Amino acid sequence: MNGERVKILLIEDDSGDAFLIQEMLAGVTDAIFEQQWCRTLSSGIEYMSSGQPVDVILLDLTLPDSSGLATLHGIKNINDRIPVIILTGMSSEEIAYQAVSKGAQDFLVKGRFNSDSLSRSIRYSIQRQKLFSDLMDVSWHLQMSEMRFRDIFESNADGIVIVGPDEKILMANQSALELFGRTAEELAYVPFGHPLVPGQFSEIEILRPDSSSVFVEMRTTQTVFEGRQAFLATLRDISDRRLSEMKTRNLNAILNVMRKISRIMLSTRDLRVFLQSICNTFVETRGYGSAWIVRTGQYGEYLELFSAGSDADMENLVAYWLKARMPECAKQVLIHGGVEYLEESLPSCNADCPFNCRRSGMGTISARLEHAGNIYGFLKISIPEGFVMHEEEKELFGEMASSISYAIYSRDNEVGKQDQESRIRQMALIQDQQIDSSGVWLNVIDPHGGIMVWNKTAEIISGYMSDEVVGRSVVWDWLYPDAAEKDRIVGHIRRIIEEGKGFDSLETHIRTRNGDTRCIAWHLRNLSDEYGETVGAIMLGRDVTEHRQAEDDLRRTTQWLKKITMPGEADNQP
């Protein structure tokens with residue numbers, strides 16, 4: 001609009017929506033919008049009746065004093081020459097379509113437009129209203145000259161075609177020629193090919209000579225052309241909007257896949273069941289042709305295959321791998337990582353390769369499965385004919401591959417940890433059975449200071465039962481209420497685990513459950529698995545309380561005896 005002042009009447013009862021629209025209009029730089037906001041239909045009509053100029057009306061059909069099409073009729077009864085743009089919610093799109101068929105120039109769904117689309121709608125609505133007003137004048141009064149008509153006709157941003165009673169195109173403006181992809185000569189007297197119903201608002205698809213297509217909104221009215229009745233159809237390109245809607249649907253579908261993958265990750269502990277469920281989800285929920293997850297070793301050797309879909313040729317793929325004929329596309333993704341999208345097969349790809357793009361429709365997309373420096377294989381899907389995949393979906397595909405990789409990593413670590421803990425418990429149980437008979441206190445400590453084994457002697461001496469302390473580290477607070485003493489013993493345990501150092505005859509005083517103090521002589525050693533890796537610590541303790549008390553008694557007796565003077569010894573002293 002190039003700096004032109006546009007006077008807008010906004011009739012909207014929701015202050016939040018009104019404020020948002022005002023902010024959008026304020027952000028437009030190529031036009032100056034002067035706004036008047038009314039909350040009710042009556043106040044809007046009052047403003048229109050005051051003689052104030054209005055170029056366009058933004059109208060919410062649901063107001064405190066009116067609702068539905070009656071709101072539009074109220075505005076049109078005052079002035080039917082001012083273009084009206086309907087503001088509607090998603091649940092009211094049907095009535096918005098009806099409003100357009102009853103004279104509104106456009107409708108905008110709240111939450112789905114921005115400053116550019118709002119400004120464009122205002123500009124086009126003003127242009128269309130001007131066109132229709134002028135064309136009605138031509139039809140009704142026959143006062144518009146041919147030059148004036150053609151000027152408006154050619155300069156309009158929307159495509160305009162005039163169709164005769166035989167439904168053949170008589171004239172088309174430049175915008176319409178661009179939509180059809182034809183010249184004026186090529187389009188003249190060609191059947192229009194779409195239903196023409198005056199007052200009808202519809203969407204049609206125009207096929208171009210180059211096999212491309214464009215989606216348009218069409219509105220039809222009757223007119224008089226060269227003295228004969230004819231149809232005038234205005235065509236607005238909505239291809240971008242349709243593409244945006246399609247992208248939204250596709251992204252919603254892929255996000256639904258991601259949600260299902262998350263649920264599978266939480267509910268399925270078995271790794272093989274998990275990977276097969278992922279393949280099924282890709283095919284059943286998103287509609288991919290096939291899905292494969294190939295597990296490999298760190299050097300690319302084949303381990304296992306999971307697949308789903310009509311083209312998931314497991315037998316041939318396994319045979320390929322076992323014959324050391326790894327598909328070239330698999331090599332590339334395993335070596336280079338990332339996401340790889342192939343629309344055509346690689347030159348080195350054999351015709352019988354299960355991953356051959358010519359077999360899978362529109363190509364394949366692959367991603368390496370890796371986490372924390374570990375490579376677990378790759379994920380691959382085939383894209384069927386007619387499937388639309390946008391760049392955003394390719395990026396999300398990489399995110400899904402990362403989630404699957406993390407799940408494999410977590411489950412592998414969990415199994416390893418469970419196996420490790422099982423081995424520790426088995427070793428400790430054997431030692432426990434051997435040591436119990438000798439009255440030795442046995443603890444097995446995990447790398448975090450938690451108790452893994454607490455034998456019978458430990459229960460007898462401390463008073464704390466195994467089921468109270470196993471899996472927890474709080475027992476150190478119970479045994480050593482003195483913080484400094486607790487830090488000393490825990491520090492020794494930590495050094496054993498971190499440095500592999502052992503300690504012999506480390507004596508500490510513990511407090512038992514009943515409040516007694518006992519002296520324990522500890523022997524501490526690190527605990528290693530079959531690979532020599534430190535996985536915890538072993539503490540062997542003996543209760544030396546009575547022994548230490550006997551030593552103390554003997555010491556005191558000796559000191560007392562030294563103070564006693566035997567008869568005659570005093571006389572011999574100098």
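About 990 Å³ of space lies in the largest pocket of this predicted model. A pocket here is an open set of points on a 1 Å grid over the protein atoms alone, with protein on both sides within 12 Å along at least five of seven lines; a cavity is a set where a 1.4 Å probe fits but cannot get out; lining residues have an atom within 4 Å of a point. Points join across faces, edges and corners, and volume is the space filled by probe spheres set on them.

The pocket has 31 lining residues, and S117, R120, I238, D240 and R241 lie nearest its centre. Elements giving it two or more residues are α4 (93-101), β5 (106-109), α5 (115-141), α7 (174-180), β10 and α9 (239-267). The top contributor is α9, with 6 residues. Helices (H or I, at least four residues) and strands (E, at least two) are DSSP runs, numbered from the N terminus.

V100, Q105, R128, D158, F201, E217, M218, R219, T234, L235 and R236 line the largest cavity, with β9 (213-225) and β10 (228-237) each giving two or more residues.

| Space | Volume | Lining residues by class |
|---|---|---|
| Largest pocket | about 990 Å³ | 10 nonpolar, 7 polar, 14 charged |
| Largest cavity | about 90 Å³ | 4 nonpolar, 2 polar, 5 charged |

Ala, Val, Leu, Ile, Met, Phe, Trp, Tyr, Cys and Pro count as nonpolar, Asp, Glu, Lys and Arg as charged, and the others, Gly among them, as polar.

Residues are numbered from 1 along each chain as its sequence is written. Local features need pLDDT of at least 70 and side-chain atom pairs pLDDT 80 or more, while totals for chains, interfaces and linings use all residues; side-chain values use heavy atoms, leaving out hydrogens and water.
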